[in-house]
Amino acid sequence: PKIENAKRGIMTFPNYGPWAERQHQFGGLILAEDADFVNCRKGVEIVSVFTATTVSQFRRCHFYQNYLLNPDGSLAQTYEGVTIWNTEGALDASQQVVGLVFEDNCVFENLQRGIGSGNATKRVSNCSFTNCKYATELGQAAPMFGKSTVFNNNQYTRVNRGVYGHAYRQ
């Protein structure tokens, strides 16, 4: 499957109605395999106001922008493959992350951020990041306890920062 030229390819909360109602309607299960997210502002946006747990998984997905210059020759604006906020990957009995998983050769190319996240637990394994300013950005609001990202066997080519971690002021 292919999602192309979308503002948000997949979004886990409604984009309509009053904020007081929307903030209580979020979540969902995403199981994506062999999917292409092309020229999207954000391929996937997993956002929660309250900490949410998910078993969502992405395998062999391709997040990319296939042009770097606009027709007028100016540099094209690149964005994020995936945005994750205040979401936790589910853990199994041995405390291994089994949800919110990116693995089996997920590819992130020509993006500002491959994966941008804040206060999120996830696993990124056997993925490749090429021509990304930030392959993975880990933004955390203090306190940062209870959140972690597991990285295994990823490839980084022409990225400014492979893993960029920072804290936000509250």
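How many cavities of 30 Å³ or more does the count come to by the grid rule? The count comes to one cavity.

## Basis of the model

This is a predicted model, in which local features need pLDDT of at least 70, side-chain atom pairs count only at pLDDT 80 or more, and totals for chains, interfaces and linings use all residues. Residues are numbered from 1 along each chain as its sequence is written, and side-chain values use heavy atoms, with hydrogens and water left out.

## Overall architecture

The protein has one helix and 17 strands; helices (H or I, at least four residues) and strands (E, at least two) are DSSP runs, numbered from the N terminus. Of its 170 residues, 47% count as buried. The term buried denotes under 20% relative accessible area, exposed denotes over 50%, and partly exposed lies in between, with a 1.4 Å probe and protein chains only.

Residues 24 or more positions apart account for 68% of the contacts that have a separation of 6 or more, where contact means heavy atoms within 4.5 Å. Gly-139 belongs to strand S14 (residues 134-141) and counts as buried, at 0% relative accessibility.

## The cavity

Rolling a probe the size of a water molecule over the atoms shows where empty space is left. Here a cavity is a set of points, on a 1 Å grid over the protein atoms alone, where a 1.4 Å probe fits but cannot get out; its lining residues have an atom within 4 Å of a point. Grid points are joined across faces, edges and corners, and a volume is the space filled by probe spheres set on the points. The largest cavity holds about 40 Å³ of space.

The lining of the largest cavity consists of Phe-37, Asn-39, Cys-40, Gly-43, Phe-63, Tyr-64, Glu-80, Gly-81 and Leu-111. Strand S7 (62-64) and strand S8 (80-89) each supply at least two residues of this lining. By class, five lining residues are nonpolar, three polar and one charged. In this scheme Ala, Val, Leu, Ile, Met, Phe, Trp, Tyr, Cys and Pro count as nonpolar, Asp, Glu, Lys and Arg as charged, and the others, Gly among them, as polar.

## The nonpolar core

In soluble globular proteins, nonpolar side chains tend to be buried together. A nonpolar core is defined as a set of buried Ala, Val, Leu, Ile, Met, Phe, Trp, Tyr and Cys residues joined through side-chain atoms within 4.5 Å. The largest such core in this protein has 24 residues, and those with the most contacts inside it are Phe-58, Phe-63, Phe-102 and Phe-108. Strands S5 (42-54) and S8 are the elements that give two or more residues to this core.

Not counting residues up to four places away in sequence, Phe-58 touches Ile-30, Ala-32, Val-44, Ile-46, Phe-63, Val-101, Phe-102, Glu-103 and Cys-106.

Thr-54 is located in strand S5 and is buried, with a relative accessible area of 8%. Its side chain makes a polar contact of 2.8 Å with the side chain of Ser-56. A polar contact is a pair of N or O atoms within 3.5 Å; within protein, one must be able to donate a hydrogen and the other to accept it, and residues adjacent in sequence count only if both atoms are side-chain atoms. Beyond four places in sequence, Thr-54 touches residues including Gly-28, Thr-87 and Leu-100.

Thr-83 is placed in strand S8 and is likewise buried, at a relative accessible area of 2%. With neighbours within four places left aside, Thr-83 is in contact with Lys-42, Val-44, Glu-45, Ile-46 and Gly-116.

## Loop residues with positive phi

Asp-34 lies in the loop between strand S3 (31-33) and strand S4 (36-38), and its phi is near 55°, a positive value in a residue other than glycine. Asp-34 is partly exposed, with a relative accessible area of 44%. A polar contact of 3.0 Å joins its side chain to that of Arg-60. The C-alpha atoms of Asp-34 and Pro-1 are separated by 7.1 Å, although the residues are 33 residues apart along the chain.

Asn-126 is found in the loop between strand S12 (122-125) and strand S13 (128-130). Phi of Asn-126 is near 55°, and this residue is partly exposed, with a relative accessible area of 34%.

Definitions and conventions. On a 1 Å grid over the protein atoms alone, a cavity is a set of points where a 1.4 Å probe fits but cannot get out, and a pocket is an open set with protein on both sides within 12 Å along at least five of seven lines; lining residues have an atom within 4 Å of a point.
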